[in-house]
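Please find below my notes on the model you sent. They follow one stretch of sheet and the residues around it.

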Amino acid sequence: DTAGSWSATAGSASVIVGTVLSDHASTGAVLLAPASIAQRSNTNISSMAAPTGTTTTLTAADSGKTILMAPNAAAIVLPAVAVGLTSKIVQTGAYDTAVNTIKTPTTDNSIFFVGGYASADSGDGNTSDNNSNEAITFGSATLAGDWLELTCITTTQWAVTGFAKSSDNSNGVVFSD
C-alpha cells in the first residue's frame with residue numbers, strides 16, 4: 001500500500017510483487033521480490049507481432065523485443081543501424097503458402113548479415129556470405145519455433161545466430177542478396 005507495507009487483499013491493479021511459497025491461511029509464506037516488479041511489468045511490451053501478409057518495420061525502440069512472426073508472407077524490415085540493437089525473431093507456425101522475410105533497411109548491400117544458424121541435423125544449417133547478404137528467407141521447410149537472434153555489431157553488420165528444426169538447407173532459413 002502507499003505507506004510501504006503489504007497486504008493480502010487484492011488491489012485495484014494486478015502487479016506481481018513476489019511468489020507464494022506456501023498457500024495456507026495461518027502458515028502460508030510469501031517471498032516478496034519488489035526488485036523484479038519493473039522487469040515483470042515490461043512483459044507485455046517485450047514482444048510484438050509480425051502478422052501474416054504484412055510488412056513490419058522495426059525501429060530502435062523495438063530493440064530487445066521478441067518478434068513473433070506469423071507464417072506466410074510476413075516481412076520484417078530491421079531498423080536503421082545502431083550498434084547494440086537486438087531482436088529475436090520466432091516463427092509462430094509452420095510454413096503454409098508463402099515465405100517470410102527479414103531484410104536490412106537498405107537494398108544496396110551496404111548493410112548485411114554475418115553469422116548463421118544451426119539445424120536439428122548437425123550437418124545442416126546455413127550461413128551468410130558475410131559481405132552482401134541483406135535478406136533472410138524462412139522457406140517451405142520452416143516450422144513453428146524456428147528462430148534467429150539479430151544483433152547490430154557495426155554500422156554495416158547484423159550478427160545472426162539461431163536454430164531451425166528443419167534439416168532442409170535450400171528450403172529452410174536461407175541468406176541472400
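1. Two strands are taken to pair if DSSP finds at least two bridges between them. The model is a predicted one. Strand β7, residues 86–91, pairs with β12 in the antiparallel sense, over 5 bridges. Within this part of the sheet, Thr 86 stands opposite Thr 151 of β12.

2. The sheet to which these strands belong is open and has 7 strands, ordered β3-β5-β7-β12-β13-β9-β10, with mixed pairing. Its edges are β3 (47–50) and β10 (125–127); each has a single partner strand, so one side of each is left without a neighbour in the sheet. On average, neighbouring strands are turned by 20° against each other, direction ignored.

3. Thr 151 belongs to strand β12, which covers residues 147–152.

4. Which residues does Thr 151 touch, apart from neighbours within four places in sequence? The contacts are Leu 85, Thr 86, Gln 157, Trp 158 and Ala 159. Gly 84 is 67 residues from Thr 151 in sequence, yet their C-alpha atoms are 6.3 Å apart in space.

5. Asp 62 sits in the loop that runs between β4 (55–57) and β5 (66–69). Asp 62 is buried, because its relative accessible area is 10%. Setting aside neighbours within four places in sequence, Asp 62 is in contact with Met 48, Thr 57, Thr 86 and Ser 87.

Conventions: Residues numbered from 1 in each chain as written. Predicted model: local features only at pLDDT ≥ 70, side-chain atom pairs only at ≥ 80, totals over all residues. Heavy atoms only, no water. Helix = DSSP H or I, 4+ residues; strand = E, 2+ residues; numbered from the N terminus. Contact = heavy atoms within 4.5 Å. Axes fitted to C-alpha atoms, helices over the stretch in contact; angles between N-to-C directions. Buried < 20%, exposed > 50% of the residue type's maximum accessible area, 1.4 Å probe, protein only.
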